[in-house]
Amino acid sequence: MTDFKPISSTTSLSTWTELKKLYEAKGKTLSVPEEFKKDNKRFEKFSRTFSNYDNSQILFDFSKNIVNDEVFELLLKLAKEARVEELRDAMFAGEKINTTENRAVYHVALRAHGNSPMKVDGKDVLPEVKAVREHMREFSEDVRSGKWTGYTGKKITDVVNIGIGGSDLGPVMVTEALKHYSGPLNVHFVSNIDGTNLVEVLKPLSPETTLFLIASKTFTTAETHTNATSAKEWFLSKGAKVEDIKKHFAALSTNEAEVSKFGIDPKNMFGFENWVGGRYSVWSSIGLSVALYVGFDKFDEFLSGAEAVDKHFTSTKLSDNIPVIGALLSVWYNNFFGAQTHLVAPFDQYLHRFPAYLQQLSMESNGKGVDRNSNFINYESGTILFGEPCTNAQHSFFQLVHQGTKLIPADFILSANSHNPISNNLHQNMLASNFFAQAEALMIGKDKAAVQAEGAPAALVNHKIFKGNRPTTSILAQKITPATLGALIAYYEHVTFVEGAIWNINSYDQWGVELGKVLAKKIQKEIEAPGDVKDHDASTRGLINQFKKWSA
């Protein structure tokens with residue numbers, strides 16, 4: 001068990017009570033535009049700049065959030081009273097803060113480059129982490145250079161990663177985000193058990209030049225194993241022999257017996273430990289598809305960017321700690337304003353899968369209703385995170401953000417420098433103008449007088465009023481490099497951690513994923529058996545029996 005002792009209850013914290021009173025007295029009527037008028041140093045006061053390991057920078061502007069000095073100081077006090085720093089230090093010490101599964105939470109070790117021991121159960125895990133990393137380097141360089149060939153002697157041209165959850169979302173997002181750095185290989189992803197996913201990916205591929213990565217820690221995950229087996233059947237049906245599997249399949253797994261049984265050479269197996277959660281696994285061997293796509297050196301830069309945020313998170317005082325500030329604002333909106341959602345809108349096409357990745361990170365981690373003391377909680381926990389790349393999103397759901405009845409805090413992300421500065425940088429300048437304008441418009445809105453001054457007909461005046469005071473955090477990077485991407489992911493990981501610490505929940509199990517999967521196994525047998533299904537509730541029974549009739 002961890003040495004960290006959880007707080008008794010979040011709502012029993014004296015600071016929680018103080019924040020409730022402050023919200024009722026001042027917080028809910030706090031006007032951000034008015035705060036800017038009162039304080040001409042507000043931007044400087046509520047902005048923080050992160051300096052990455054390569055000296056690149058990311059500016060986090062929190063000044064358009066509904067806070068003032070009094071609110072900010074009380075939120076920092078909440079983090080102290082909730083013992084966020086103690087839990088953080090326990091995590092970085094390799095203690096088993098995942099109490100329901102009695103595991104350490106040590107994905108931070110996967111991106112560490114130093115020599116100081118990082119221990120779990122008294123054993124330094126860094127030597128093994130670095131050994132796997134070196135194995136990834138050698139393998140990826142052999143495949144990319146053409147030294148590794150398929151069973152007919154041809155170079156590998158395409159890599160297919162078969163996984164699900166974190167074994168898919170992480171690599172998909174990162175390879176899309178770093179597409180600018182891609183090299184000689186095409187990388188494809190199969191995760192859905194819907195056969196269409198696998199069939200469409202395989203259609204243009206040749207078995208002679210395709211390498212499959214099977215990403216499953218246990219090598220028994222039902223969807224992944226089924227897709228992998230079907231991929232193997234496709235491979236063998238095209239003329240390859242069983243012994244050729246060793247040249248075209250690798251495993252990102254720890255189950256050597258099952259890997260060997262499948263036909264994969266254990267030499268082509270890349271392991272990771274049980275202290276690596278799926279949604280935190282892109283830093284591990286699960287990131288092999290990334291290393292193959294952009295090259296191991298760029299993958300290592302990606303790790304280093306995350307490691308730089310880890311160092312910031314562990315060494316910076318709370319008032320300047322960027323992930324801590326982001327998390328405290330999330331708690332402020334979620335638990336005091338009643339905001340149930342959080343928008344992440346990247347103004348960068350390469351980051352189009354970033355919100356989907358963050359959905360799993362945030363909602364699988366903090367979608368919990370029981371605290372660390374095994375008591376059901378009586379307050380809101382995890383927020384509903386969503387997002388799409390802008391400017392597309394501005395033409396869809398932004399109407400609700402601007403004029404709807406719900407408060408939707410938003411993060412906007414922009415790179416100052418595009419990898420594709422076409423038309424004399426016209427596109428990037430238009431993109432940036434929207435990044436700045438949307439945040440400003442959400443803050444200042446448009447009042448009745450302004451609408452009337454524009455000559456709007458009386459019947460339309462109310463329709464054109466924007467109340468404003470909608471909070472945004474603007475994240476401005478110099479460029480989306482591997483190191484920048486690693487830093488952004490680590491920022492959100494630690495935001496998620498701090499949220500969970502304050503809500504006093506275990507952010508690192510996912511029992512909610514299991515129930516539906518268990519029931520699915522039972523129902524699959526019923527689907528494959530002859531005759532109508534007799535049990536289940538009337539709705540489920542009726543649906544299953546209709547499916548059986550139509551699919552027959």
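The largest cavity in this predicted model is lined by 22 residues, and Ser 330, His 342, Asp 411, Val 495 and Glu 499 are the ones nearest its centre. By cavity I mean a set of points, on a 1 Å grid over the protein atoms alone, where a 1.4 Å probe fits but cannot get out, and lining residues have an atom within 4 Å of a point. Its volume is about 220 Å³, volume being the space filled by probe spheres set on the points, which are joined across faces, edges and corners. The lining divides into eleven nonpolar, nine polar and two charged residues, and its largest share, five residues, comes from helix H19.

On provenance, residues are numbered from 1 along each chain as its sequence is written, and side-chain values use heavy atoms, without hydrogens and water. Local features need pLDDT of at least 70, side-chain atom pairs count only at pLDDT 80 or more, and totals for chains, interfaces and linings use all residues.

The second largest cavity holds about 60 Å³, and its lining, with nine nonpolar, one polar and no charged residues, again takes its largest share, three residues, from H19.

Turning to the packing, the largest nonpolar core has 130 residues, of which Trp 275, Trp 332 and Phe 354 touch the most other members; such a core is a set of buried Ala, Val, Leu, Ile, Met, Phe, Trp, Tyr and Cys residues joined through side-chain atoms within 4.5 Å, buried meaning under 20% relative accessible area with a 1.4 Å probe, protein chains only. Its largest share, 13 residues, comes from H19, residues 482-503.

Methods. Buried means under 20% relative accessible area, exposed over 50%, partly exposed in between (1.4 Å probe, protein chains only). Helices (H or I, at least four residues) and strands (E, at least two) are DSSP runs, numbered from the N terminus. On a 1 Å grid over the protein atoms alone, a cavity is a set of points where a 1.4 Å probe fits but cannot get out, and a pocket is an open set with protein on both sides within 12 Å along at least five of seven lines; lining residues have an atom within 4 Å of a point. Ala, Val, Leu, Ile, Met, Phe, Trp, Tyr, Cys and Pro count as nonpolar, Asp, Glu, Lys and Arg as charged, and the others, Gly among them, as polar.
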